[in-house]
Number of protein chains: 2
Amino acid sequence: MSVFCFANNKIQPIELAGVPVTDLLVQRGYGIFDFLRVAKDKPLFVDAHLDRFFHSASVMRLNIPQTREEIKSIVKALIQKNNMAYSGIRMLIAGGDAPDGYTIETPHLIIIQAPLAEPTLVLPETGIKLATYNYQRQIPEVKTTDYLMAIWLQPWMKQQGADDILYHHNGLVSECPRSNFFLVTKDNILVTAKQNMLKGVTRKNIMQVCTENNIPFEERDVHVSEFSTAKEAFITSSTKRIIPVHQVDEIVLKPNYQDSFAKKIYDLLVALED
Amino acid sequence: MSVFCFANNKIQPIELAGVPVTDLLVQRGYGIFDFLRVAKDKPLFVDAHLDRFFHSASVMRLNIPQTREEIKSIVKALIQKNNMAYSGIRMLIAGGDAPDGYTIETPHLIIIQAPLAEPTLVLPETGIKLATYNYQRQIPEVKTTDYLMAIWLQPWMKQQGADDILYHHNGLVSECPRSNFFLVTKDNILVTAKQNMLKGVTRKNIMQVCTENNIPFEERDVHVSEFSTAKEAFITSSTKRIIPVHQVDEIVLKPNYQDSFAKKIYDLLVALED
């Protein structure tokens, strides 16, 4: 049975959907996207994702042909048609055909749905190792389709024995390729980068639950030198909510799992999805 | 009448050719390409372009499914089928379908042909204005499909009254988005950047004709402070050979057209195409 997607202005089997070879996305890598999780047929935090999607498009001067309500309707129709209660939805704006290969004229919307396992109800105890890499994403506040460096670095990452990459630029921590990064300082304050990265929807939700629950929290510059004194660290994404970080480069972090910020916040995030 | 391209392992009408929406090129901007000019049915400097194309693919760990000879045959077949004696050929490697959206498995080749006007037989007298911008392309020695910054900067460039952008990084000049940059110093030496940029085939040809004709030439770091004392400047590409530069930001360059390095080298490049 085919999986259906939205492309070329219609819902169609994904294997029939293609981006024209003359499209700016194909020829010049010019596109933006957003990704959200669907649980029990419900697209989670869809308004926050659409806010960011429209913001990304606006910064890149890509006019989205559909309204927010039209996009919501397409997402709903796809979830029903594919009968995929737990999944990920990728909304993408391609630059569109440019007769001169360079000028934005008619961007177009693509929406893809794929199965996605539901994260566990409690925070996993197993953590991951991050390897730091000096790199600054271009136009970092926008969720562009540019993952050139992330994919190129995969063999290097594996050589380090790491599970993911943590970008920093001259010592200032920004983000992982598909996640935001948080650490708990020696003074028990949760901190995360404030600029030069993509602001995740889970990151936004964490700021909300921290405020509501009086969890000490700061958005500020985070320096790589803070790893050695950090009490814990974790990464966040729409797909996984939170994944604990047990090692950054050679620095091993051994938080108290039961009393961790990560566990407490994870439970609050689960509750937020209802 | 349709224009034909090569995609999905066959020659087909371009309007039927699409890149799957699940391809790494579409979802993660992971691809490389090369572009060459065709004159009188002959693909110019095809071996130099294929050298670079295979090098780009190798650095990005994209296995090109076809051999060099197979690619040459496809290019020849397209030129005949499209009956397009003066044109541009774009060879592109898309990352291919990645079931996890991240792992390179089966890259594929796309070749597109489009009409392209033949450059004039002598160097045009009219020059262009460049606007400098502090930016370093990622993986700069590879001709990736990443032109995010170049396209994003178009309105800014027009606000500067400029015709093209010249990238520098902390004062060291690298390249224009689609061209190499050269200047002639006050001591009558032709100089161009040595690193952190894409090495063009026309740039390579210029180095060859300079050597053969005893034109003083240096590959070295070029600093933006050298514009103010430069005798001339120009950009080079497979499409246009050489375009004189008459202004960089606020600095006006007024070379003696008849005695210019650009004019002399242009004539040598024209001869090289025979």
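Is Thr126(B) buried or exposed? With 8 C-beta neighbours inside 10 Å, Thr126(B) counts as exposed; a residue is called buried if 20 or more other C-beta atoms lie within 10 Å of its own, exposed if 12 or fewer, and partly exposed in between, with C-beta atoms placed from the backbone.

## About the model

This is a predicted model, in which local features need pLDDT of at least 70 and side-chain atom pairs count only at pLDDT 80 or more, while totals for chains, interfaces and linings use all residues. Residues are numbered from 1 along each chain as its sequence is written, and chains are lettered from A and ligands numbered from 1 in the order in which they are written.

## The loop with Thr126(B)

Thr126(B) sits in the loop between strand S7 (108–115) and strand S8 (128–134) of chain B. Helices (H or I, at least four residues) and strands (E, at least two) are DSSP runs, numbered from the N terminus. Along the chain, Thr126(B) and Tyr257(B) are 131 residues apart, yet 9.8 Å separates their C-alpha atoms.

## Two domains in chain A

Chain A is divided into domain 1 (4–115) and domain 2 (128–272), with bounds from an automatic or database domain assignment. Taken over C-alpha atoms, the centres of these two domains of chain A are 27 Å apart. Their contact takes 17 residues from domain 1 of chain A and 10 residues from domain 2 of chain A, where two residues are in contact if their C-beta atoms, placed from the backbone, lie within 7 Å.

On the domain 1 side, strand S4 (31–39) and helix H2 (46–59) of chain A are the elements that give two or more residues. The largest share, seven residues, comes from S4(A). By class, this side of domain 1 has nine nonpolar, five polar and three charged residues. Here Ala, Val, Leu, Ile, Met, Phe, Trp, Tyr, Cys and Pro count as nonpolar, Asp, Glu, Lys and Arg as charged, and the others, Gly among them, as polar.

## Where the chains meet

Now for the two chains together. In chain A, 30 residues are in contact with 30 residues of chain B. Elements of chain A that each supply at least two residues to its side include strand S1 (4–7), strand S7 (108–115) and helix H4 (148–152). The chain A side divides into 21 nonpolar, seven polar and two charged residues.

Strand pairing also crosses between the chains: S3(A) and strand S3 (residues 18–20) of chain B run antiparallel, joined by three bridges. Two strands pair if DSSP finds at least two bridges between them. In this pairing, Gly18(A) stands opposite Pro20(B).

## A hairpin in chain A

S1(A) pairs with strand S2 (residues 10–13) of chain A in the antiparallel sense, over four bridges. Phe6(A) has Ile11(A) in S2(A) as its bridge partner. Two residues lie between the strands of this hairpin, and Asn8(A) takes a positive phi near 50°.

## Crossed helices

Helix H6 (residues 201–212) and helix H7 (residues 261–272) of chain A pack at an angle of about 105°, with their axes 10 Å apart. Axes are lines fitted to C-alpha atoms, for helices over the stretch in contact, and angles run from 0 to 180 degrees between N-to-C directions. H6(A) and H7(A) are therefore roughly perpendicular; angles under 35 degrees count as roughly parallel, over 145 as roughly antiparallel, 65 to 115 as roughly perpendicular and the rest as oblique.

Asn205(A), Ile206(A) and Val209(A) in H6(A) meet residues of H7(A), among them Ile265(A) and Leu272(A).
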